[in-house]
Amino acid sequence: MDNKIMIDWFSFTTSICSPEDIIELLGMTDCPFTETYGFYGWQNRLFFGGVSVMYGGHDGLVMLEMSGQGCRTFETLGNGNFKNIFQFCVYNVGDCNITRLDVAYDDFKGYLNLDEIVKDTVKGNFVARTRKWEVIQSSDGRCVVHGTRKGSVLIRIYDKAAERNRSDEIPHWVRCELQLRQERAAEFARLIVMEDEIVDKLYFAVLNHYLRYVQPSGSDSNKWRFDIAEHWFDFYNSVETAPRSIYVAPGMEYNAFKLRHTYGHNFGGGIYTYIKIFGINTLLEDVEKAKPRLNPKYKMLLAEDEELRRVNYCEHIESI
């Protein structure tokens, strides 16, 4: 698997858009958003696949929030154009306020040495513009955090394979996540729009400004002048040695939503024509013949659906 950098959370508020305007901006007007309760003080929310559009309250503002899953949904079922959304916010800066922007680096090659990072964090072999740090050990693996959750910059380095329970499948998957809020998030977006900065280059420029692991030197008491630690240099230099930009829009992992979109939306016309010509029974006969040749990803979806139905049935029996 190749290393990659991606947008993994994005949110903003606006006073000049309706909820429908935002959904149109995302290119997701065909997606089945569900009306539900809002949060953060908003009364209402339109929700689909990790994408929330909240309204009602807050002096008529509307808020878009895309979680990591929502970003993948936007990339797959929407237009996937983050720069276009950044432009909308930057060009309407008085009426739009970017509240959070996460940029994540996924390392599969071993550049992020979590053993060394944990050890150097505990020993204090780093320089950072945030005072607070912590090392967390849990059933989800180890996690190093610099900054606070309410601060303008939070850096989180953790074992993504352990968190996803995929360590047996993926030997090395460490994520370094840059979480930016308010003015820091807005400035990151502005630099991409106005200065045409490349996402992965900008990611490392910001990261290096706020955090750097260093090699202690007995001859100098100022840690900011210490040489960069070898393990951190390998990580920092990985984008420079990459043959091309490693910023990607990975989209959703294959799931039932994507299956329905592919065959219902993209191939719906062909399926409709087939049924009108040959009939639904012929279609079912032909589909049944394909069962022995099912792609593994379809077998996975069927197994997940069967397990979900089993759980729902058990919960129903227990409630009687």
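Modeller: Before we start, one term: a residue is buried when its relative accessible area is under 20%, exposed when that area is over 50%, and partly exposed in between, using a 1.4 Å probe and protein chains only.

Colleague: Fine. Ile98, then: buried or exposed?

Modeller: Ile98 is buried, because its relative accessible area is 4%. This is a predicted model, where local features need pLDDT of at least 70 and side-chain atom pairs count only at pLDDT 80 or more, while totals for chains, interfaces and linings use all residues. Residues are numbered from 1 along each chain as its sequence is written, and side-chain values use heavy atoms, with hydrogens and water left out.

Colleague: Where does Ile98 lie?

Modeller: In strand β6, residues 96-107. Strands here are DSSP runs of E with at least two residues, helices are runs of H or I with at least four, and both are numbered from the N terminus.

Colleague: What does Ile98 touch?

Modeller: Leaving out residues up to four places away in sequence, Ile98 touches Phe10, Ser11, Phe12, Cys89, Gln182, Ala185, Ala186 and Ala189. A contact means heavy atoms within 4.5 Å. As for Leu64, 34 residues from Ile98 along the chain, the two C-alpha atoms are separated by 9.5 Å.

Colleague: Gln182 is on that list. Which helix is Gln182 found in?

Modeller: Helix α6, residues 182-194. Gln182 counts as partly exposed, because its relative accessibility is 35%. Gln182 is not a glycine, yet has a positive phi of about 50°.

Colleague: What about the phi of Asn165?

Modeller: Asn165 is not a glycine either, and its phi is positive, at about 60°. Asn165 sits in the loop between α5 (160-163) and β11. It counts as exposed because its relative accessibility is 72%.

Colleague: Let me step back. How many helices and strands are in the chain?

Modeller: There are 12 helices and 13 strands. The chain has 320 residues, and 42% of them count as buried. Its accessible surface comes to about 18000 Å², with 51% belonging to carbon and sulfur atoms. Those areas come from the Shrake-Rupley method with a 1.4 Å probe, and for residues only the protein chains shown count as cover.

Colleague: And what share of the contacts joins residues at least 24 apart?

Modeller: 61%, among contacts between residues at least 6 apart in sequence.

Colleague: Salt bridges next. How many does the structure hold?

Modeller: The structure holds 16 salt bridges. The term means a side-chain nitrogen of Lys or Arg within 4 Å of a carboxyl oxygen of Asp or Glu. Side chains of opposite charge can pair when their charged atoms come close.

Colleague: What does Arg175 pair with?

Modeller: One partner is Asp8, at 3.0 Å from N to O. Arg175 lies in strand β11 (residues 174-181) and Asp8 in strand β1 (residues 4-14), so this pair ties together parts that are 167 residues apart in sequence. Asp106 also meets Arg175 in a salt bridge, at 2.6 Å from N to O. That pair links distant parts of the chain too, with Asp106 in strand β6 and Arg175 in strand β11, 69 residues apart. Arg175 also forms a salt bridge with Glu177, where the closest N and O atoms are 3.9 Å apart.

Colleague: Are these residues buried or exposed?

Modeller: Arg175 is buried, with a relative accessible area of 4%. Asp8 counts as buried at 10%, and Asp106 is buried at 0%. Glu177 is buried as well.

Colleague: Which residues are linked in the network of salt bridges?

Modeller: Asp8, Arg72, Glu75, Asp106, Arg156, Arg175 and Glu177.

Colleague: Change of topic: at what angle do α7 and α8 pack?

Modeller: Helix α7 (residues 199-210) and helix α8 (residues 230-241) pack at about 155°, and their axes are 9 Å apart. Axes are lines fitted to C-alpha atoms, for helices over the stretch in contact, and angles run from 0 to 180 degrees between N-to-C directions. The two helices are therefore roughly antiparallel, a label for angles over 145 degrees.

Colleague: Which residues meet there?

Modeller: From α7, Asp200, Lys201, Tyr203, Phe204, Leu207 and Asn208; from α8, Trp232, Phe235, Tyr236, Ser238, Val239 and Glu240.

Colleague: Last one: where is Gln43?

Modeller: Gln43 is in the loop between β2 (34-37) and β3 (44-48). Gln43 counts as exposed because its relative accessibility is 53%. Gln43 and Gly57 are 14 residues apart in sequence, and their C-alpha atoms are 6.2 Å apart in space.

Definitions and conventions
Parallel < 35°, antiparallel > 145°, perpendicular 65-115°, else oblique.
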